[in-house]
Amino acid sequence: MDRLWAPWRMKYILSTVQQDMNDECIFCRMLAETDDEKNLILCRDQLAFVVMNLYPYNSGHLLIVPTRHTGDFASLTNEEHVALAKLMRISQNVITQVMSAHGFNLGMNLGRVSGAGILNHLHYHVVPRWNGDCNFMPVVADTKVISEDLHAGWRKLRDGFLEAMQS
Ligand SMILES: [Zn+2]
C-alpha cells in the first residue's frame, strides 16, 4: 500500500510523547467532563464506555474503554470483561445497521511494542471494514485517509447507541 499523507497520525504520535511527560489520561479526562458530543463519547455504561477514535484507521473506528483507570489487562474483573464485551456487541450491531459495515477488526494493543498509543488505560479497538476498503489490516498499516467528519459520524451513531442501551 502507498504511504499517504496522514497529518493526524503525527499529531497522535506527538500527543503520546506528551502523555509520557505530563501523565494526563485522555480517557479519564473525557469521563470527568460532561460534553459527550465534544469528546465523541457515544455511550456510557457503569463499568465501560464507548468513544470514537480521534485518529481513526477507518470511518466508525470506536474504542471500548473500562471506566476504571488501568493499563493492566490481568487486573480486569469478570464484571468489567462482561461490560466491555456487551459494548463491543452493541458497537458491532449499531455500526452494521447505520454504516452497513461488511466486517470488523476487534482487538487490543498491550504495551508500546504492540503499537499501543495510550499505555496506561486499556481500550479495545472496533474497526469496521468494507469490501475493498484496503487489502490488509489498516490497524497496522497506519495509512488510511478518513473522509467523513468525526462529529457527523458521532451524530449518526449516537441514536443507535441510545436505543441499544435502553433495550
Ligand atoms: Zn485513565
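**View 1. Proline 66, a buried spot.** Proline 66 counts as buried because it has 23 C-beta neighbours inside 10 Å. (Buried is the label when 20 or more other C-beta atoms lie within 10 Å of a residue's own; 12 or fewer makes it exposed, in between is partly exposed, and C-beta atoms are placed from the backbone.) Before you look further: this is a predicted model, where local features need pLDDT of at least 70 and side-chain atom pairs count only at pLDDT 80 or more, while totals for chains, interfaces and linings use all residues. Residues are numbered from 1 along each chain as its sequence is written. Proline 66 is found in strand β3. (Helices, H or I of at least four residues, and strands, E of at least two, are DSSP runs numbered from the N terminus.) Skip the neighbours within four places in sequence, and proline 66 is still in contact with Leu47, Ala48, Leu76, Glu80, Leu84 and Leu122. (Contact here has a cut-off: C-beta atoms, placed from the backbone, within 7 Å.) Alanine 83 is 17 residues away from proline 66 along the chain, yet their C-alpha atoms are separated by 8.0 Å.

**View 2. Strand β3, covered on both faces.** How many of the residues of β3 are buried? It's 5 of 5, so to speak a mostly covered strand by the definition of buried. Leu62, Ile64 and Pro66 sit on one side, Leu63 and Val65 on the other, and all are buried.

**View 3. The partners of β3.** Strands of a sheet pair through backbone hydrogen bonds, either parallel or antiparallel. (For two strands to pair, DSSP must find at least two bridges between them.) β2 and β3 pair in the antiparallel sense over 5 bridges, and phenylalanine 49 has valine 65 in β3 as its bridge partner. Strand β3 (residues 62-66) also pairs with strand β5 (residues 124-129), again antiparallel, over 3 bridges. There, leucine 62 has valine 126 as its bridge partner, and leucine 63 stands opposite histidine 125.

View 4. In what order do the strands of the open sheet come? The 5 strands run β1-β2-β3-β5-β4, with antiparallel pairing. β1 (41-44) and β4 stand at the edges with a single partner strand each, so one side of each has no neighbour in the sheet. On average, neighbouring strands are turned by 20 degrees against each other, direction ignored.

**View 5. The largest nonpolar core.** This core has 26 residues, and Leu42, Val50, Val51 and Ile64 have the most contacts inside it. (A nonpolar core is a set of buried Ala, Val, Leu, Ile, Met, Phe, Trp, Tyr and Cys residues joined through C-beta atoms within 7 Å.) At least two residues each come from β1, β2, β3, α4 (78-99), β5 and α6, and α4 gives the largest share, 6 residues. Helix α6 (residues 150-166) lies across β1 and β2 (48-52), at about 20 degrees to β1.

Note on methods: Axes are lines fitted to C-alpha atoms, for helices over the stretch in contact, and angles run from 0 to 180 degrees between N-to-C directions. Two residues are in contact if their C-beta atoms, placed from the backbone, lie within 7 Å.
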